[in-house]
Amino acid sequence: RPRPSGGGQAARRQHVSAAPGALTRALAARAVDRVATAGTTLDVALAAVTADPGLPARDRGQVQALAFGALRGYHRYRRLCAEWLAGGRPPAPVIPALIAVGCFQLEAADQPDYAVVSATVEAARVLGEPRAAGLVNAVLRRYQREGAAWRERHAADPEVRHAHPAWLAAAIAADWPAEAEAVLAANQAHPDLWVRVNRRRTTPAAWAAQLHAATGIAAHAVPALPDALRLATPLPVAELPGFATGDVSVQDGAAQFAAPLLAPAPGLRVLDACAAPGGKAAHLLELTDDRLALTALDIDAARLARVREGFARLGLRGGTAVAGDALDPAGWWDGRPYDRILVDAPCSATGVVRRHPDIKLLRRSADIAALAARQARMLECLWPLLAPGGLLLYATCSVLRAENEAVAGAFLAREAGARAVAPPVAMAGARPAGPGVQLLPGAGATDGFYYALMARTRPT
């Protein structure tokens with residue numbers, strides 16, 4: 001693969017006099033290029049290109065917004081570049097990424113077209129590709145004139161119509177034929193900001209009033225989720241009232257179903273088998289006034305630092321963060337069975353594309369079978385740790401049946417001592433899916449999630 005472009009510090013030093021907006025577009029293009037050519041996650045790519053401490057906070061925010069937007073439409077813009085640049089000398093890999101940034105802004109129409117084109121052309125020079133400035137100018141001006149007609153001509157192509165890879169659009173259409181258009185559209189939308197109110201410190205009504213008094217932003221309650229609020233307007237996490245002192249946590253509404261589905265009660269032993277970054281584990285503790293013996297397990301010791309930080313911020317002491325492999329319990333389990341186990345299994349993350357548009361570039365069709373096999377092994381390895389009469393919740397943030405109902409259904413068919421359990425809480429917008437339920441992106445303004453609750457009826 002081509003090597004990714006460098007970071008943003010040198011670009012900033014060399015082009016401090018660049019046209020307004022050129023630097024942020026250049027840095028966004030570098031981030032997009034790192035995702036597209038090096039397989040880097042967007043979070044990591046953004047951290048690399050905005051590492052310069054001299055970059056103003058406002059510019060950091062713009063770089064992030066531009067990169068997210070360009071990646072949401074990346075498959076459309078890649079298709080356009082393949083067609084419009086065919087026959088010429090291939091540009092440096094960062095130039096199609098820059099064109100994606102410019103095309104996104106032309107579609108967003110939040111600035112005059114001439115300003116978008118001018119700043120994006122100048123960004124080619126900031127990137128050290130002055131010879132590509134004319135090419136960028138030509139493509140963006142053509143997109144101004146012909147973009148709508150070009151999209152209409154290619155309306156049957158999912159890479160153009162939905163800005164999704166063809167394999168993913170086909171998989172969603174096969175699994176959810178009646179809902180596919182809505183799911184694909186939801187994946188392209190800006191997600192809402194959800195918070196989970198820490199019931200040990202405040203109430204949703206009190207915190208919503210505090211938020212409105214401080215920012216003028218309204219927060220909407222959700223009857224099915226008593227601890228959840230959905231903000232009418234997003235704002236940076238650091239600006240949420242009381243966040244630093246543990247009044248609230250950021251957690252999508254779909255993810256907030258996990259803890260109540262397990263019906264936690266004080267004194268139970270609970271395992272969160274793939275805990276990082278720790279939101280569901282913290283919610284379990286909050287629901288029981290911190291009176292669980294909870295093991296927060298994750299294979300990544302570095303990511304466990306976020307779990308511990310979250311517990312500390314929320315004032316929770318009942319959880320213990322443990323580094324270990326869920327596929328190898330002998331390396332960390334003390335032999336005492338758990339009353340509840342949450343298996344938030346590693347998956348394709350196709351239910352959270354709207355929050356992580358890089359997923360559309362980082363996932364491949366061939367990944368799904370391997371993920372499903374790992375998910376099945378995880379259930380097999382963790383089931384013996386569950387006490388008779390205990391509950392295990394299998395969860396993914398996927399919308400693909402191969403990872404969800406197929407995995408859960410096959411496990412229940414193999415394991416005579418397991419039975420499916422109906423959700424003990426109402427889940428607005430959930431659809432029956434094999435032994436569990438599926439939340440699709442956009443339904444109820446949440447992410448996509450799958451849940452299958454199982455009870456152990458007898459020892460293995």
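Leaving aside neighbours within four places in sequence, H283 is in contact (heavy atoms within 4.5 Å) with R196, D227, Q251, Q256, A259 and P260. The model is predicted, so that local features need pLDDT of at least 70 and side-chain atom pairs count only at pLDDT 80 or more, while totals for chains, interfaces and linings use all residues. Residues are numbered from 1 along each chain as its sequence is written, and side-chain values use heavy atoms, with hydrogens and water left out.

H283 lies in helix α14, residues 279-287, where helices (H or I, at least four residues) and strands (E, at least two) are DSSP runs numbered from the N terminus. With a relative accessible area of 2%, H283 is buried, a term that means under 20% relative accessible area, against over 50% for exposed and in between for partly exposed (1.4 Å probe, protein chains only).

M454, in strand β13 (residues 449-456), is also buried, its relative accessible area being 0%. Beyond four places in sequence, its contacts include L379, W383, L392, F411 and R419. G436 is 18 residues from M454 in sequence, and their C-alpha atoms are 9.1 Å apart in space.

A helix pair can be followed next. The axes of α2 (residues 22-38) and α7 (residues 113-126) come within 8 Å and cross at roughly 65°, the axes being lines fitted to C-alpha atoms over the stretch in contact, with angles from 0 to 180 degrees between N-to-C directions. On the α2 side, A22, L23, R25, A26 and R30 meet V116, A119, T120, E122, A123 and V126 of α7.
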